[in-house]
Amino acid sequence: MSVLQGYEPEKVFYYFEQIASIPHGSRDTKRISDYICLFAERRGLEYYQDSKNNVIIRKNGTNNNEDSKPVILQGHIDMVCEKEDWCDIDFTSDGLSLKVNDGIITADGTTLGGDDGIAVAYMLAILDSDDIPHPPLECVFTVDEEIGMLGAAALDMSRLKGKYLLNIDSEDEGHILVSCAGGATVKAHIPYNMEINESAGRKLIRLTVSGLAGGHSGVEIDKGRANSNVILGRALNRLKTIDPTLRIVSLNGGLKDNAIPRSSTAFILINDITGVTFALKELEKELNNVFKNTDPDIKLTLENMELGGNIISNRNMDNDSTERVITALYNMPNGIIRMSFDTPGLVETSLNLGILETSDGDVSLTFSVRSSVESEKNELINRIKNLTAYLGGIATISGEYPAWEYKKDSRLRDIMAETFTEIYGHPPIIESIHAGVECGLFAGKIPGLDAVSFGPDMKDIHTPKESMDIESVRRTWEYLLKVLERL
């Protein structure tokens with residue numbers, strides 16, 4: 001049963017609902033990519049699909065616009081898959097359960113995928129129409145944007161002829177983005193040694209950090225929100241001073257490097273259950289005071305686990321490994337490193353400890369590093385590498401992407417601003433952002449490219465509270481069509 005039927009623009013919401021029904025998390029994009037290719041094939045449109053599942057669809061200009069210069073429309077087809085603890089969705093096999101309340105679209109217990117499903121829906125609706133005036137179009141659907149813009153980095157952009165790029169991957173109606181930070185994914189590997197737990201009376205405990213707000217590490221990094229992986233490190237450091245016999249068995253937290261993690265868990269072995277419990281309650285009070293305005297529901301909980309034959313209960317990291325892992329968690333930089341002096345209120349350099357994972361032989365800490373200054377990005381990466389090396393590990397870098405630099409003379413930006421003013425009656429906000437968008441990769445590969453990024457109102461992206469405003473989607477659609485008509 002359709003949830004979005006009857007809302008305008010009808011085709012946009014039809015395709016958005018179709019997209020929501022197809023699993024399309026990062027690294028799981030084959031099905032949504034094939035859906036888009038089948039869409040093009042059925043309409044006789046020229047298309048190209050590469051080995052990474054990126055898709056390009058071309059459509060001729062309409063209403064005597066066939067000879068106009070082509071325009072690139074672009075968005076990504078992967079989404080961040082986050083869910084509430086109670087939600088039993090399997091993101092690899094289940095579609096999303098959409099809801100509408102007071103004109104706002106959400107998904108039941110999960111991320112919505114408005115980032116960037118709405119771009120895909122806009123493009124498919126235009127490609128499916130025969131009465132919308134537009135220049136020749138090159139619609140580009142990229143994959144794995146949410147894990148380092150891997151699709152855009154791999155795409156053969158020599159296939160594209162357009163010099164104007166409309167990236168539809170922003171979340172604030174009325175804001176036109178014209179530059180962004182560069183970034184990279186940095187993964188610190190801290191090795192550990194295991195030993196047999198032979199201490200009588202030592203208890204296996206599950207330590208959980210929960211109740212955090214989370215958010216997008218580029219958009220919300222300046223909101224001062226708590227990071228559950230960082231708090232877990234703070235808790236372990238505190239508890240190790242109370243009970244020096246504390247040993248780590250395993251720890252995990254977060255799902256995406258660019259999402260501020262909302263919950264983290266560690267299995268630990270301790271002797272002094274009374275002292276540890278008291279210390280944890282005191283720390284919880286401190287945290288609820290520090291983060292009362294951003295994360296008022298932080299919970300630190302201890303749960304006794306029954307000892308048994310499972311390897312998790314009779315083997316643990318030795319003391320040296322436990323201390324090195326805690327040192328890494330407690331001392332690695334996180335959050336805002338430097339604000340911009342050129343653009344008041346803009347974050348220049350930051351990082352987010354998004355994923356904490358125990359695997360066979362090492363504990364990995366995965367960071368999303370961002371900066372609009374290349375040298376500062378490299379310095380921050382080097383800080384992680386140096387501390388990791390000091391602790392006996394190595395750090396690897398992947399998904400590196402360049403900053404999207406401001407273009408002083410931009411005809412596209414002028415057209416976007418003029419059109420917006422005509423429709424809305426006031427000028428748009430022209431801004432730079434700290435979050436990464438794929439425009440930098442396109443601009444780096446297509447000489448002379450003129451690019452902007454925009455989109456409808458969305459809130460709390462990368463969290464289960466993600467929402468999208470129906471009226472804003474409609475207004476942004478009308479704006480997009482007017483811009484295409486002028487181009």
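Predicted model: local features only at pLDDT ≥ 70, side-chain atom pairs only at ≥ 80, totals over all residues.
As background, nonpolar side chains in soluble globular proteins tend to be buried together. Here the largest nonpolar core has 68 residues, and the members touching the most others are Leu73, Phe141 and Leu166. Helix α3, residues 114-127, is the top contributor to this core, with 10 residues. And there's another core apart from it, with 48 residues, including Ala226, Leu239, Ala266 and Ile270.

So what does Leu73 contact, once you leave aside neighbours within four places in sequence? Well, among its partners are Met123 and Ile126, then Leu137, Glu138, Cys139 and Val140, plus Leu166, Leu480 and Leu484.

The largest pocket holds about 550 Å³. It has 26 lining residues, and those nearest the centre are Asp172, Val219, Lys223, Glu431 and Ile433. Strand β22 gives the largest share of that lining, 3 residues. By class, you get 10 nonpolar, 7 polar and 9 charged.

On to the cavities: there are 4 of 30 Å³ or more. Of its 17 lining residues, Glu145, Gly148, Asn258, Arg370 and Tyr401 sit nearest the centre. Two or more lining residues come from each of β9, β20 and β21. That lining splits into 5 nonpolar, 8 polar and 4 charged.

Last one: the second largest cavity, at about 100 Å³. It is lined by 15 residues, with Asp169, Glu171, His216, Ala435 and Gly436 closest to the centre. This lining has 6 nonpolar, 4 polar and 5 charged residues.

How values were computed. Residues numbered from 1 in each chain as written. Heavy atoms only, no water. Core = buried A, V, L, I, M, F, W, Y, C linked by side-chain atoms within 4.5 Å. Buried < 20%, exposed > 50% of the residue type's maximum accessible area, 1.4 Å probe, protein only. Helix = DSSP H or I, 4+ residues; strand = E, 2+ residues; numbered from the N terminus. Contact = heavy atoms within 4.5 Å. 1 Å grid on protein atoms, 1.4 Å probe; cavity = no way out; pocket = protein on both sides within 12 Å on 5 of 7 lines; lining within 4 Å. Points joined across faces, edges and corners; volume = space filled by probe spheres on them. Nonpolar A, V, L, I, M, F, W, Y, C, P; charged D, E, K, R; others polar.
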